[in-house]
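Open your viewer and get ready to select residues by number. This tour goes stop by stop and tells you what to look for at each one.

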Amino acid sequence: MKTISYRKMAVLGLASACATALLWTQMPLGAATHDLSMAAADPSIAGAGGAPEMDDKDMRGPVRSSAAVAPKPFNSAQAKLGSGQLLQAVQWFAHNVPLAGAQGSGAAHSVRTAAEQIAALDRFGVPAAYRDGEKIKLNIRLALPHEQIADPILLDRATASLRETLLAAGLEAHAVAGSPTLEALVPLARLEWVAALEAVAQVRLMALPDLDVTSDGLAASGVDTLRKLGDYGSFAAEFRAVDTTIAIIDKFGTIDLATLQGANRWPRNTEAVTDKLVQIASGDDPVFGAGGAKNGNKVMETVYALAPDAKYRLYEVESDADWVGAIRDAANLGVVNQERGEPGPIAFETLGEPRARTIALPLDLAGPSTNIEGLSAVIAAAKANGVRVVKSADNPVLQGEDLTIAIIDQFGSQNIGALQRGGEWPANTDAVPDKLVQIASRATGRAFGADQAKHGNAVTEIVYDVAPKARYRLYDIGQVSDWISGIQDAANLNDRNEVQGEPRAQVISFSLGMGGQSSGDGTGTGSDIKGLYDAIAAAQANGVLLIKSAGNEAQSYWDDNSTAGAGNAVVQDFVAGNRNAAGQPILDGVNILRYGSDWGDCVPVGVATTSTANQLAFNIRLTWNNWTGVGSPTATDYRLELVRWADAVRRNGVVVTPAGWVVAVQSDNAQNGGNGQTPLERVAYAPPATAKTTRCDTVLPGGTVGGSRYTGGGIFGVRIVRQTQGASNFLRLFARPHRPQYSVADRSLSSPADSSSVITVAALDAATSGLEAYSSRGPVLAAGGARPSGQAAGNAKPDMANFANVDTETYGDNTFSGTSSATPHIAALALLGLQHQRQLANATKPAPLPDTATAAQYSERETLLKQRRKDLGEVVYASLVKIAGTGGNDLGAAGFDGSYGNGRLKFHAASQSCFLSALYDASNRVLLPAQANPLPAGQKSYDQLLAESSTACDAR
């Protein structure tokens with residue numbers, strides 16, 4: 001038996017002077033808390049918190065304003081500021097900028113301006129790098145004993161508690177993982193209030209790293225490790241030939257040759273192949289590998305992983321002469337003139353077949369090439385003898401060259417120019433006039449970025465950080481139709497999703513979603529967005545990688561089986577089986593909706609400004625597993641009600657209408673099997689001033705919220721009524737931005753994140769790699785939206801996770817959050833992954849056709865190319881999955897789970913082996929050259945290479 005619920009919802013009857021339906025309840029006690037996060041912005045809100053009241057004599061006491069005299073704190077709060085600039089600025093400001101209001105009125109709030117705060121900071125020399133207007137960048141140290149600091153759980157709890165206090169006060173604050181400190185932006189006028197908090201030990205200027213502004217998730221994802229895989233990757237196809245000899249000219253360090261060879265990371269000589277490895281020491285030191293530099297060691301391991309069947313000649317260089325001599329030996333060249341004493345520039349001649357067909361030459365280690373006499377000439381002579389000379393300058397790290405990414409989002413023109421001037425956004429140039437293509441909304445007819453939404457601007461920043469040499473197609477969408485047409489254009493599909501040729505973009509990123517708008521089973525069947533699912537599937541079939549955010553619904557979602565009961569007006573019980581002390585069932589029929597913890601059960605009503613009212617408006621969707629399909633019309637009916645708490649109505653001191661729930665608005669569409677019906681009810685509602693209740697007066701008394709005036713606070717909840725007798729369904733409720741009192745995180749994916757044709761991305765905190773509480777979870781639902789029994793076969797969701805709470809110029813430091821910010825990281829990394837797999841599979845790319853080719857030949861080649869694009873997309877996905885599941889990336893439950901998916905996509909030292917493991921897999925060998933049967937002596941089979949690369953990948 002369950003204990004008594006403090007929420008006792010029961011339908012007792014209908015009684016109202018104005019015939020309004022009332023749902024009686026025992027209201028929660030003490031649920032409301034002071035709203036500091038919004039109220040602090042408006043000093044006119046009584047009881048809203050903010051800086052504590054100070055006595056007049058505290059304000060008028062003598063203060064030394066001379067910088068030459070160390071200030072002395074007047075109270076314990078000021079003592080936490082230290083005897084320096086912060087305390088000086090606080091005391092001078094308090095002494096010289098009076099509080100507003102009549103003298104002696106006891107007014108608690110100041111209208112001192114930002115300009116006056118800035119002047120105080122200027123006066124005491126606080127550098128601009130530590131300021132944002134009147135706000136100071138601070139480290140706020142927590143007052144914790146060592147034992148609590150050493151305990152990660154206790155430390156996180158304490159930092160989170162203080163952070164919530166500051167956020168509730170309208171301040172910006174972020175935890176520093178593993179440290180007893182917060183980083184915060186605090187206006188000077190509120191600095192002493194922060195210091196007065198009991199949990200605070202010290203307040204000081206922030207420790208700032210000297211870094212360019214970039215996305216935190218960029219470094220955290222290990223993108224540099226991925227980029228470096230491109231150094232020699234493009235030569236892998238040629239390296240695979242058994243009779244190829246590769247020369248690597250570099251600086252080598254001491255190696256444990258036996259260990260490396262035993263781990264199959266370095267070539268070795270055998271009885272069958274006695275010249276597999278030749279090592280030539282520098283002319284200055286007869287011992288190979290005696291130097292301290294180990295760049296050549298890394299290059300050797302990388303190239304050997306790509307070309308295990310080749311033979312190798314390793315040349316160690318120490319002097320300028322070593323570079324020229326090594327190339328001469330590898331290319332089998334002699335000197336024509338200088339050795340004979342003849343005048344003129346040094347020249348070379350061919351002595352015979354080259355000893356190596358490919359020379360890997362990291363020229364940047366040799367210094368400027370013009371300083372090495374004869375280097376250019378010997379390289380030219382080597383090439384003339386049929387040698388391919390690979391210089392690092394010819395093979396830059398992976399940055400998206402020759403690829404295009406499409407971003408479908410909502411953009412704002414207000415800061416694009418500034419982002420481009422700052423190198424944070426792509427821009428067209430004379431050299432690359434098609435670097436950036438911007439496509440405006442067709443549905444709205446407005447110019448690109450005209451709506452001044454900045455979400456897409458920040459998304460593009462992240463992608464550009466990772467792939468600065470890619471091309472970009474940006475689609476500014478207003479409606480679902482724009483979304484579909486954007487996918488079709490980027491994937492080169494017509495409006496019937498038929499392939500028109502090579503995709504215009506190889507990767508499409510969209511950090512958009514719609515909770516509850518489809519069946520959730522991955523198909524979109526029967527919904528208004530079925531066309532979106534179809535376009536996605538067609539794009540994927542044309543070889544496009546589509547990256548979709550999982551959604552931010554986990555805290556705003558609820559699902560359960562419908563409540564049983566006779567009749568056609570059965571109210572859903574949100575806590576099934578709840579009973580009181582007498583054992584009688586309790587109907588928890590109202591699911592209270594909250595905006596956040598700051599206001600308890602209350603939300604602002606009567607908000608005046610449109611933008612703020614839209615932000616706070618209710619947007620509730622109810623759906624269930626009765627989506628129209630073949631032989632299964634929508635024939636079960638539910639009603640969705642948004643109810644509000646109404647105060648008692650009194651006349652002449654007599655209660656004529658008791659307090660209770662009343663229906664504010666409802667959705668009740670027909671679901672009786674008719675054509676075009678869907679199992680979907682939706683309420684969109686901006687609560688008016690008349691929805692105010694006195695129960696919220698201490699929390700939301702009226703004033704300003706989010707920069708807009710509001711009337712007061714109201715209390716709202718959801719009620720679901722089943723209207724089809726005997727029906728039994730799996731119900732789903734989406735309520736973002738509000739959070740239901742009773743919520744469920746699993747199965748909260750937003751549409752179309754459930755599609756098997758997209759890579760679905762969960763969100764992690766960039767600092768801790770912890771799963772964000774809002775990040776939508778899997779699994780995908782069973783057919784028609786039924787409750788699933790586990791992950792869907794072939795469509796487990798989410799696919800992988802990446803970082804949120806990252807830096808962008810558009811939003812600022814650590815403020816771009818949500819799966820929206822995690823998704824572009826994955827999209828950009830997938831683009832580089834595709835670039836690398838293209839390198840590895842270059843040998844099987846179909847050759848261009850001659851001008852005399854027939855239409856049939858062109859059609860056949862296009863069919864081959866389309867299949868190849870799809871094969872490449874699949875091997876890239878397999879590579880990313882392998883990397884996400886290895887190298888410490890398998891977070892949460894071991895193996896795949898419905899929160900992190902396959903794991904965190906962070907590239908590690910064995911990532912190359914993971915790429916190769918995916919490529920050598922039997923399902924992807926169509927991208928590799930066919931092997932001879934039988935294999936030549938010394939050549940490894942693809943099965944052997946798969947086993948070796950898989951072992952190396954999994955070992956991480």
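**Stop 1: a buried pair.** Select Cys602 and Cys696. Both are buried, where buried means under 20% relative accessible area, exposed means over 50% and partly exposed lies in between (1.4 Å probe, protein chains only).

Before going on, some ground rules. This is a predicted model, in which local features need pLDDT of at least 70, side-chain atom pairs count only at pLDDT 80 or more, and totals for chains, interfaces and linings use all residues. Residues are numbered from 1 along each chain as its sequence is written, and side-chain values use heavy atoms, with hydrogens and water left out.

Now show the sulfur atoms. A disulfide joins Cys602 to Cys696, with an S to S distance of 2.0 Å. The cut-off for a disulfide is a pair of cysteine sulfur atoms within 2.5 Å. A disulfide is a covalent bond between the sulfur atoms of two cysteines. The link of Cys602 and Cys696 is left-handed, with -90 degrees about the S-S bond. Cys602 lies in strand S23 (residues 602–605) and Cys696 in the loop between strand S29 (680–685) and strand S30 (703–705), so the pair ties together parts that are 94 residues apart in sequence. Helices (H or I, at least four residues) and strands (E, at least two) are DSSP runs, numbered from the N terminus.

**Stop 2: a threonine in that loop.** Select Thr693. It lies in the loop between S29 and S30. Is Thr693 buried or exposed? Its relative accessibility is 0%, so Thr693 counts as buried. Now show its contacts (heavy atoms within 4.5 Å). Leaving out residues up to four places away in sequence, Thr693 touches Trp645, Asp647, Gly713, Gly714 and Ile715.

**Stop 3: another disulfide.** How many disulfides does a search of the whole structure find? There are 2. Select Cys914 and Cys953, which form a disulfide with their sulfur atoms 2.0 Å apart. The torsion about their S-S bond is about 95 degrees, so this disulfide is right-handed. Cys914 lies in helix H22 (residues 911–920) and Cys953 in helix H23 (residues 942–954), so the pair ties together parts that are 39 residues apart in sequence. Cys914 and Cys953 are buried. With the bonded cysteines of the chain numbered in sequence order, the pairing is 1-2, 3-4.

Stop 4: Select residues 131–132, strand S3, and residues 135–142, strand S4. They pair in the antiparallel sense over 2 bridges; two strands pair if DSSP finds at least two bridges between them. Asp132 stands opposite Lys135 in S4. S3 and S4 form a hairpin with 2 residues between them. Click on Gly133 in the turn: its phi is positive, about 65 degrees.

Which residue in S6 is the bridge partner of Ile140? It is Leu182.

**Stop 5: the largest cavity.** Select Gly520, Arg732, Arg747, Leu749 and Asp754. Among the 13 residues lining the largest cavity, these lie nearest its centre. The lining divides into 5 nonpolar, 5 polar and 3 charged residues. In this count, Ala, Val, Leu, Ile, Met, Phe, Trp, Tyr, Cys and Pro are nonpolar, Asp, Glu, Lys and Arg are charged, and the others, Gly among them, are polar. A cavity is a set of points on a 1 Å grid over the protein atoms alone where a 1.4 Å probe fits but cannot get out, and lining residues have an atom within 4 Å of a point.

Terms used: On a 1 Å grid over the protein atoms alone, a cavity is a set of points where a 1.4 Å probe fits but cannot get out, and a pocket is an open set with protein on both sides within 12 Å along at least five of seven lines; lining residues have an atom within 4 Å of a point.
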